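Dear colleague,

Please find below the structure that I am handing over to you. My notes on what was found in it follow.

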Amino acid sequence: MKTELLSCTDDLTGSIDRAAALIRQGEVVAIPTETVYGLGADGLNPIATGKIYEAKGRPSDNPLILHIADRSQLEMIAETNHPMLEALISAFWPGPLTLVLPKKEVVPPTSTGGLDTVAVRMPKHAIALEIIRKAGVPIAAPSANTSGKPSPTQAKHVAEDLSGRIAAIVDAGPCTVGVESTVLDLTQEIPVVLRPGGVTSDQIEAVIGTLGNTNADISKHSPGTRYRHYCPNAEVVIINQSSDFDTALFEIKKVAWIGAHPPRGAKKVFELTTAEDYAREIFNALRICDAGGIEIIVVEEISDAGIGAAVMDRLRRAAGKI
Ligand code: TXA
Ligand code: MG
């Protein structure tokens, strides 16, 4: 299959129309969101979502997020009687918060990995919202990478992994947040974060009060957390302080350095300081390291505060520590 590249600078309306038409026809199209690029298909069509799993090589019991553009689509696919739902929606949608709710009949089990719940989010990205509106269906979209690889934050990352395997890629430039949405389980009275992401726990607690304990048997609720994720070919090593690192290794291995205090001698350096910078750049950095044949990627740890929690979650997984 030849993958169409749909530019948003040359012909925005034409690209949006084409993407929506392909999705209506049951094809798979990579679409931009504020977090990472998503691999979109008609979330109510099992044949279309089957193509997502096939293109990514994703285990079929790992459920998808359904992306919606307005409130009526939420009513169509999920039960909306959780007492905290309205406050969460008005505070965080559109935005990087995914809500897990009891699903309605119309959502096929193939979109939810057989679960009776569905994950829903309204992305904060004008082009994504327009594609969803024009497609006229909720769009199921996991991150648009080969399963296990770092998530894509630019259209070229999607092309690296999936060119020839999907109908089209909509290129809207780099994603602004850079790590995926926060997944919040609303199927119990006290909500629990299943995956830290673009909306921080502090922000959520400021709206609805104290969250439940995330460690409570999380893989039961978030099947995705069982699998290996975000892994570059190189080995990822997380360090507390740059002084903990023996630079003699630079002589024998191709080492890249990510962080605020790069010592001399690393083959590649990504000077990142704030948690927001880490979030925006981290997946791109891991991919550049792979392209450059880097053997070891050293990353300076950052605080788990704010979006740092999502960044460190992804890095610990990339390092095989979770
Ligand atoms: O920011 C994002 O969330 C991106 C963009 C494209 O929207 N999407 C994304 O999708 O990261 P994915 O498939 O890579 O991650 C979805 C996560 C997985 O950990 C999955 O297990 C969890 O959400 N999930 C989906 N449906 C669920 C459900 N019904 N119950 C519990 N967890 C669910
Ligand atoms: Mg993913």
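Is the crossing of H1 and H5 left-handed or right-handed? The crossing of these two helices is right-handed. Please bear in mind throughout that this is a predicted model.

**Helix packing**

Helix H1 covers residues 12-24 and helix H5 residues 126-135; their axes lie 8 Å apart and meet at an angle of about 50 degrees. That angle makes H1 oblique to H5. On the H1 side, the contact is made by Leu-12, Thr-13, Ile-16, Asp-17, Ala-19, Ala-20, Ile-23 and Arg-24. H5 contributes Ile-127, Glu-130, Ile-131, Lys-134 and Ala-135. Sorted by class, the contact between H1 and H5 comprises eight nonpolar, one polar and four charged residues.

**Aromatic residues**

Two aromatic pairs are present in the structure. In one of them, Phe-245 and Phe-250 are tilted, with 5.5 Å from centre to centre and 40 degrees between the planes. The other joins Phe-245 to Trp-257: the ring centres are 5.3 Å apart and the planes stand at 75 degrees, so this pair is edge-to-face. The pair of Phe-245 and Trp-257 links distant parts of the chain, 12 residues apart. Phe-245 belongs to the loop between strand S11 (235-239) and helix H9 (249-252), while Trp-257 is in strand S12 (residues 255-259). Through these ring pairs, Phe-245, Phe-250 and Trp-257 form a cluster.

As to accessibility, Phe-245 and Phe-250 are both buried. Phe-245 has a relative accessibility of 14% and therefore counts as buried, the cut-off being under 20%. Trp-257 is likewise buried, because its relative accessibility is 0%.

**A cis peptide bond**

Trp-93 and Pro-94 are joined by a cis peptide bond, with omega at about -10 degrees. Most peptide bonds are trans. Pro-94 sits in the loop between helix H4 (85-92) and strand S5 (97-102).

**Ala-285 and its surroundings**

Ala-285 is located in helix H10 (residues 275-291). Its relative accessibility is 2%, so Ala-285 counts as buried. Apart from neighbours within four places in sequence, Ala-285 is in contact with Ile-258 and Phe-270. Ala-285 and Ala-256 are 29 residues apart along the chain, and their C-alpha atoms are separated by 9.4 Å.

With kind regards

Technical notes. Residues numbered from 1 in each chain as written. Chains lettered and ligands numbered in written order. Predicted model: local features only at pLDDT ≥ 70, side-chain atom pairs only at ≥ 80, totals over all residues. Heavy atoms only, no water. Phe/Tyr/Trp six-rings, centres within 6.5 Å; stacked < 30°, edge-to-face > 60°. Buried < 20%, exposed > 50% of the residue type's maximum accessible area, 1.4 Å probe, protein only. Helix = DSSP H or I, 4+ residues; strand = E, 2+ residues; numbered from the N terminus. Axes fitted to C-alpha atoms, helices over the stretch in contact; angles between N-to-C directions. Parallel < 35°, antiparallel > 145°, perpendicular 65-115°, else oblique. Left-handed = near helix turned anticlockwise from the far one by under 90°. Contact = heavy atoms within 4.5 Å. Nonpolar A, V, L, I, M, F, W, Y, C, P; charged D, E, K, R; others polar.
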